Amino acid sequence: SDLQLGRGETIADTARVLSQYVDAIMIRTFAHSKLEELAAYATIPVINGLTDDDHPCQALADLLTIYEVKKTLKGLKLAYVGDGNNVANALMIAAAKVGMDCVIAC
């Protein structure tokens, strides 16, 4: 069945209802503010699946792939070549958190 967000249901109401039926919510949306609003009203974990600003799940998957090959992350240097977008933002943040250097070429 479809969510009612496109039919006038507020994000706050959707967060409250889903919180009663599921253990976590993953949201993929354009506006980061919608993610923040959903998280503010949900009583369960809300996972950022994708926004225009950030793509942390992709960054985690990329770091896992690197870790599987290199067996470490700390001290490695990651070069990202591509658009300066949500993936680039997420990789810069994720790399910093695990002790990697990250360079971006857009």
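I take buried as under 20% relative accessible area, exposed as over 50% and partly exposed as in between, with a 1.4 Å probe and protein chains only. Helices (H or I, at least four residues) and strands (E, at least two) are DSSP runs numbered from the N terminus.

The model is predicted, so I note that local features need pLDDT of at least 70, side-chain atom pairs count only at pLDDT 80 or more, and totals for chains, interfaces and linings use all residues. Residues are numbered from 1 along each chain as its sequence is written, and side-chain values use heavy atoms, with hydrogens and water left out.

Entry 1, helix α1. I looked up residues 11-21 and found I11, A12, T14, A15 and S19 buried. Down the axis of α1 these fall within an arc of 160 degrees (directions from the helix axis to the C-beta atoms), so they line one face of the helix. They pack against α2 (32-41), contact being heavy atoms within 4.5 Å. On the face turned away from the buried side I find the exposed Q20 and Y21.

Entry 2, strand β3. In residues 77-81, L78 and Y80 make up the covered face, while K77, A79 and V81 make up the uncovered one. In a regular strand the side chains alternate between the two faces of the sheet. I find 5 bridges joining β3 to the parallel β4 (residues 101-105); pairing takes at least two DSSP bridges. V81 has A105 as its bridge partner in β4.

I located H55 in the loop between β2 (46-50) and α3 (56-70). H55 counts as buried because its relative accessibility is 10%. Leaving out residues up to four places away in sequence, H55 touches R28, G49, L50, N86, V87 and A90.
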